[in-house]
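Dear colleague,

Please find below the structure that I am handing over to you. My notes on what was found in it follow directly after.

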Amino acid sequence: MIEIDSVSKVFGSGATAFTALNDVSVTIRENEFFTLLGPSGCGKTTLLRTIAGFNAPSSGSVRLDGEDLVALPPYKRPVNTVFQNYALFPHMTVAENIGFGLDMLNRPKSEIKATVAEMLELVQMTPMADRRTSEISGGQQQRVALARALAPRPKVLLLDEPLSALDYKLRKGMQVELKRLQNETGITFVFVTHDQEEALSMSDRIAVMSNSRILQVGSPHDIYDHPAERFVAEFIGETNFLTGKIAGQEGETLRVALDVGGEIIARQPPGDPAGQAVTVAVRPEHAHFCAPDSAEATVTGEVSNVVYLGTDTHFHLVLSDGTPFALRLQNTPERAADAKLGDRVGIRVAPGVAQVLRD
Amino acid sequence: MAEPKGFNVKKQHGFTTIAVLCFLLLYTPIILLVLYSFNAGTSIAIWEGFSWRWYISTWGNEQVKEAALLSLWLAIVSSAVATSVAVLAALATTRRAPYKGQTVVFAIINQPLMVPEIVTAVALLIFFALIKNYTGYTGGAYLFIAHSAFCVPFAYMPIRARLQGMDLTLEQAASDLYGTPLRVFRKVTLPLLWPGILAGAMLAFVISLDDVVITEFVKAAGQDTLPTYMLGQLRRVVTPEVNAISTVLLAISVTMVIVYFILNQRKN
């Protein structure tokens, strides 16, 4: 278990000071695939490097199973990193690269040999053991980097956008592979990425970061269906935003009177919304057509564009006050009548499906 | 045919002529020098047939042997010392965040490259005279100290270039994999730096072997390196023996350059 407690990191000083981490706290559980997700410059790599020991936090503490890591240099932390550019040692063979960590730990030669063989097997690189790292492909280098970091059996494996240099197909394959490795080894993975799809498909939990802060931590399902803040809703997937005022509370949900007219019943955000005026996020696939101005219609609008996407059809609508609204329907054979360009349509959002945002 | 547009120096009139002329001026004297080292006669200007006699007589010349030994010894020691210092200097100037005054530090390290050699020579002469005055020591060590010092920037340049081209994450990866700073240096930095170190050492070696000006000013009485011995000879009778010594020195330099070149090729 990694406990990151109020960690801040400021680079430089005076006028050129840059806050890369601003009071970040998060707990990463044992054996979980934990992803730090955010756009470039959000502080996710800085946080990873703080756990690895490549930079010291300006304040706050990092503990691993109760032990304070901040005072330890990188070579004394039971944590290994897979670097974005792999950082394989060019003067060593694949096998020597994988055995490097164990060699540094002064393990006996026989044990190193056995573990290297086991790791080569694990990442399916056994035939390449004696190759130079410059003689293997990018995807293979990626596997070697993984094996090298896993060989010393770290308590935590840190992965810094390890898939970003691979092409689409290899990346897809490696995503499955990484998940398998994490299951087989039982090691905690902390994975950094800016790719929301990657984060959703691989993680047990995701921390969404922006502007040197963690905005929300939760399962992929939580993060996607119940974004707490506008940034989270916007960064992950597509979202419609409707503004309104809180009209009442019903258990876990809030009744919101929309500015465009009509009411919507939406989930309460974690942590109370800032005031009466709120934004409601609606995923395009959570909305459906119904008769315009009918009782079941949440809002009413006009179809301004229809885009056929094979598996789905994407409808661009304009609500009566000019707010754009996107609606996506799956193209199943039994799907009922479509809306056409220029049609006036009702849009129904089931109660409790939409999410009220915190800000 | 697709011709590259724009200015092409090779297409300028007289390009080939000038190039050939330059090469002729540079290499004809050297070729002649090598040729006449095999002259059977005693003249360095009249060809009297092929012979090894000057190589044989040089081999038998005790003074040449002594000077050659000193030259070699001096070049080995000073290039070793200079290279060690240069590695430390290169590490200190590349393995840290940019800092105020780094240009000044860079300039100070490379000072001997920029200051006229004669100035360095005179300065060393005066400085060593001062030390001699206080310590009374007048031996040959001054020459070793001087050579070690002025060879540093020559060794520093290729090592620094190599360090700057090195991926910093490699060292980070090594320390992440439980390498203590000393072991990271030994297992990762040093092996990757090796071609740079070798290049720097060879450059320092050749510079030391070749030096006349500073050596002439600093050497102790009776101390002679090959270049200063040859200079001394030229003041008296000039025989093809000088050509023979020069040819051997040339052979050493050319070998060094070739080895340096091959090492650089392998790196790429």
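A salt bridge here is a side-chain nitrogen of Lys or Arg within 4 Å of a carboxyl oxygen of Asp or Glu. Please note that this is a predicted model. Across the interface of chain B and chain A, the rule finds one salt bridge. Lys187(B) forms this salt bridge with Asp103(A), and the closest N and O atoms are 3.4 Å apart.

The interface as a whole buries about 2,000 Å² between chain B and chain A, with 63% of it on carbon and sulfur atoms. Asp176(B), Leu177(B) and Tyr178(B) supply 40% of the area that chain B buries against chain A, more than any other three residues. The contact involves 18 residues of chain B and 28 residues of chain A. Between the two chains, 11 residue pairs are in polar contact. On the side of chain B that touches chain A, helix H8 (168-176) and helix H9 (181-210) each supply at least two residues. H8(B) gives the most to that side, with seven residues.

Turning to the aromatic residues, the count over all chains is 17 aromatic pairs. One of them joins Phe54(A) and Phe83(A) in a tilted arrangement, at 5.9 Å centre to centre and with 35 degrees between the planes. These two residues are 29 residues apart in the chain: Phe54(A) lies in the loop between helix H1 (44-52) and strand E4 (59-64) of chain A, and Phe83(A) in the loop between strand E6 (79-82) and helix H2 (94-104). Both Phe54(A) and Phe83(A) are buried.

In chain B, Phe38(B) and Trp52(B) form an edge-to-face pair, 5.3 Å centre to centre with 85 degrees between the planes. Phe38(B) has a relative accessible area of 17% and is therefore buried, whereas Trp52(B), at 51%, is exposed. Ring pairs link Phe38(B), Phe50(B), Trp52(B) and Tyr55(B) into a cluster.

Two arginines of chain A also deserve mention. Arg148(A) lies over the face of Phe89(A), 4.7 Å from the ring centre. The charged end of Arg230(A) sits over the ring of Phe241(A), at 4.0 Å from its centre.

Finally, Thr94(B) belongs to helix H3 (residues 62-94) of chain B. Thr94(B) counts as buried because its relative accessibility is 14%, and the cut-off for buried is under 20%. Its side chain reaches the backbone oxygen of Ala90(B) at 2.7 Å. Leaving aside residues up to four places away in sequence, Thr94(B) touches Arg160(B), Leu163(B) and Gln164(B).

With kind regards

Terms used: Residues are numbered from 1 along each chain as its sequence is written. Chains are lettered from A and ligands numbered from 1 in the order in which they are written. This is a predicted model: local features need pLDDT of at least 70, side-chain atom pairs count only at pLDDT 80 or more; totals for chains, interfaces and linings use all residues. Side-chain values use heavy atoms; hydrogens and water are left out. Rings of Phe, Tyr and Trp (its six-membered ring) pair if their centres lie within 6.5 Å; planes under 30 degrees apart count as stacked, over 60 as edge-to-face and the rest as tilted. Helices (H or I, at least four residues) and strands (E, at least two) are DSSP runs, numbered from the N terminus. Buried means under 20% relative accessible area, exposed over 50%, partly exposed in between (1.4 Å probe, protein chains only). A charge sits over a ring if NZ of Lys or CZ of Arg is within 6 Å of the ring centre and within 35 degrees of the ring normal. A polar contact is a pair of N or O atoms within 3.5 Å; within protein, one must be able to donate a hydrogen and the other to accept it, and residues adjacent in sequence count only if both atoms are side-chain atoms. Contact means heavy atoms within 4.5 Å. Buried area is the accessible area (1.4 Å probe) that two parts lose on being put together, summed over both.
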